[in-house]
Amino acid sequence: MLKDTDERVVFSAAIALGHRSDPQAIPHLIEIAKHENSDIRYGVVLGLLRHEDPDAIQALIQLTKDADADVRNWALFGLGTQIETDTPDIRMALFEGLQESDFEARGEAMVGLALRGDARVVDAILQEW
């Protein structure tokens with residue numbers, strides 16, 4: 001269904017795969033992570049949530065830089081609180097998320113850094129207050 005010609009089907013299939021949390025879906029979701037349709041990229045983010053797989057994490061890191069605010073917000077949420085993996089790349093993506101214009105996305109970045117004990121979040125929290 002991720003290869004369907006109807007983009008609504010692809011979007012729905014990506015989200016459904018997220019509900020199943022089957023690691024076999026990861027490479028298929030990554031394959032469409034750069035789709036031109038932002039709804040499909042949003043579905044990919046939801047499909048990759050909670051996966052600790054390095055390839056899924058790398059895709060989420062890339063999606064934190066997406067043109068669409070919702071995609072970025074949910075990718076930061078996925079990295080920040082939906083996995084326990086802690087790498088320099090994840091921390092950098094979260095740190096860069098502190099520059100988000102959207103307060104929700106900035107908040108996701110702050111929470112992710114705070115959960116990892118990253119002191120760089122202190123100034124961001126103080127600035128937010």
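His 51 touches Ser 21, Asp 22, Pro 23, Ile 26, Ala 56, Ile 57 and Ile 83, leaving aside residues up to four places away in sequence; contact here means heavy atoms within 4.5 Å. This histidine sits in the loop between H3 and H4 (helices are DSSP runs of H or I with at least four residues, strands runs of E with at least two, numbered from the N terminus). His 51 is buried, at a relative accessible area of 7%; buried means under 20%, exposed over 50% and partly exposed in between, with a 1.4 Å probe and protein chains only. The model is a predicted one, in which local features need pLDDT of at least 70 and side-chain atom pairs count only at pLDDT 80 or more, while totals for chains, interfaces and linings use all residues. Residues are numbered from 1 along each chain as its sequence is written, and side-chain values use heavy atoms, with hydrogens and water left out.

Ser 21, in the loop between H1 and H2, has a phi near 50°, a positive value in a residue other than glycine. Ser 21 is partly exposed at 29% relative accessibility. Arg 50, in the loop between H3 and H4, also shows a positive phi, about 75°, although it is not a glycine; its relative accessible area of 41% makes it partly exposed.

Next comes H4. Asp 53 caps its N-terminal end, with a side-chain oxygen 2.8 Å from the backbone nitrogen of Asp 55. Buried in H4 are Ala 56, Ile 57, Ala 59, Leu 60, Ile 61 and Leu 63, and the buried residues of this helix pack against H2, H3, H5 and H6.

The largest nonpolar core has 37 residues, and those touching the most other members are Leu 2, Leu 29, Val 44, Val 45, Leu 48, Leu 79 and Ile 90. Such a core is a set of buried Ala, Val, Leu, Ile, Met, Phe, Trp, Tyr and Cys residues joined through side-chain atoms within 4.5 Å. H4 gives this core its largest share, six residues. As for Leu 2, its contacts are Val 10, Ala 13, Ala 14, Leu 17, His 28, Leu 29 and Ile 32, not counting residues up to four places away in sequence.

Key. Polar contact = N/O pair within 3.5 Å; in protein donor to acceptor, adjacent residues only side chain to side chain.
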